[in-house]
Every structure is written in structure tokens, then in C-alpha cells.
Amino acid sequence: MIKVLFVCLGNICRSPMAEFVLKQMVAEKGLADNFEIDSAATESYNEMCRAGIHHGTRQMLKSMHVPFEEHYSRRIRPHDYAYFDYILAMDDSNIEDIQSLVGLDTEHKIYRLLDFTDHPRNIKDPWYTRNFDETYWDIVEGCQAFLEYLNNKSE
Ligand code: 4NP
């Protein structure tokens, strides 16, 4: 079982999108039972009102026929670092925030999702850019590259 936690600032736009994109990819490969996939925030402001998935992310997932369930934002906890095998962040500031919440990455579990690609970069926050389309394609690129990385690692 490979346990993956996607992390972004608010856990309502990027990380839930990545959670459901990767769930769909592994399901299509018949590998769903080999993975546990979840998502979390570095900030807690949305936890107070149990914010659901942003409508821009919902619309994008619906238009690309990516199945998703209800998801409520939650903040990453120190326990998550011990539990998950991969903590996949969207940008550099997520990485700094994760480390301040869970401690140093002594087990080398924390990555930026697009660091698995040939063009390592941040995934911009659509909360600010409003460009959920760009976010979706960045996430697809990152998840495909992450699965290739796992595949190469197991060979
Ligand atoms: P996310 O986007 O980190 O991709 O979920 C944001 C969601 C909410 C806020 C900021 C970014 N916010 O300020 O509430």
C-alpha cells in the first residue's frame, strides 16, 4: 500500500483536485487497492467552516469526467507525516509551511508534485489566478510523472 497525501494552502482547490485526479488514474490502471490517497491544508481557516471543494475545482473535475466525493478541508497534522509515504505539495511555500507544522523532512517524504516532471515548478493557486484549467493540466502532468517515478522505482 502506497499512502499519498496532497497538500496545498487551503485544501479546497489544488490538493482535492490532485487527490481525485490520482484516484482516477490508479483506478483506471486497476491499482486502486494499492493506494491510499488523501489531501490536507497548511492553513486552518477553512477548517472552521468545514469548507467543501471550491466550485471551480468541482466544475473542472466534472468537465473532465473525474469522479469525486464530498471532501472537507482539514489541516495537516504531525501524525500525517508518520502515516503517509509521500507528502506532495503544490508549491515552495507549502513545503515551508508543512515543515513548520510537522518538523524536518528526515524521512525524505515531502516533494513538490511538479518536481517529478521534466519542468519542475510550482502549481499556481487558482484561488488567486482563477485559472482552474491550467491547474488541472499541471496536476495531470504531475500525477502522471509521479506514477512513472513509482513504476521506475519498483522495477
Ligand atoms: P488552495 O487555494 O490552496 O489551492 O486550496 C486556496 C484556498 C483558500 C484560500 C487560499 C488558497 N483562502 O485564503 O481561503
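Which residue forms a salt bridge with Lys 124? Select Glu 134: the closest N and O atoms of the pair are 3.0 Å apart. A salt bridge here is a side-chain nitrogen of Lys or Arg within 4 Å of a carboxyl oxygen of Asp or Glu.

Before going on, some ground rules. This is a predicted model, where local features need pLDDT of at least 70, side-chain atom pairs count only at pLDDT 80 or more, and totals for chains, interfaces and linings use all residues. Residues are numbered from 1 along each chain as its sequence is written, and side-chain values use heavy atoms, with hydrogens and water left out.

**Stop 1: Glu 134 and Lys 124**

Stay on this pair. Glu 134 sits in helix H6, and Lys 124 in the loop between E4 and H5, 10 residues apart. Helices (H or I, at least four residues) and strands (E, at least two) are DSSP runs, numbered from the N terminus. Glu 134 is partly exposed at 28% relative accessibility. Lys 124 is partly exposed too, at 47%. Buried means under 20% relative accessible area, exposed over 50%, and partly exposed in between (1.4 Å probe, protein chains only).

**Stop 2: Asp 138 and Arg 121**

Select Asp 138 and Arg 121. Their side chains form a salt bridge, 2.9 Å from N to O. Asp 138 belongs to helix H6 (residues 132-154), while Arg 121 is in the loop between strand E4 (110-112) and helix H5 (126-129). The two are 17 residues apart. Asp 138 is buried at 12%; Arg 121 is partly exposed at 27%.

**Stop 3: Glu 70 and Arg 58**

Next, select Glu 70 and Arg 58. This salt bridge has its closest N and O atoms 3.1 Å apart. Glu 70 lies in the loop between helix H2 (55-63) and helix H3 (78-83) and Arg 58 in helix H2, so the pair ties together parts 12 residues apart in sequence. Glu 70 is partly exposed at 43%, and so is Arg 58 at 22%. The whole structure has 12 salt bridges.

**Stop 4: the ligand**

A polar backbone atom of Gly 10 is 2.8 Å from one. For Ile 12, a polar backbone atom is at 3.0 Å from a ligand oxygen. A backbone N or O atom of Cys 13 lies at 2.9 Å. The protein buries 92% of the 360 Å² that the ligand exposes when taken alone.

Technical notes: A polar contact is a pair of N or O atoms within 3.5 Å; within protein, one must be able to donate a hydrogen and the other to accept it, and residues adjacent in sequence count only if both atoms are side-chain atoms. Accessible areas come from the Shrake-Rupley method with a 1.4 Å probe; for residues, only the protein chains shown count as cover.
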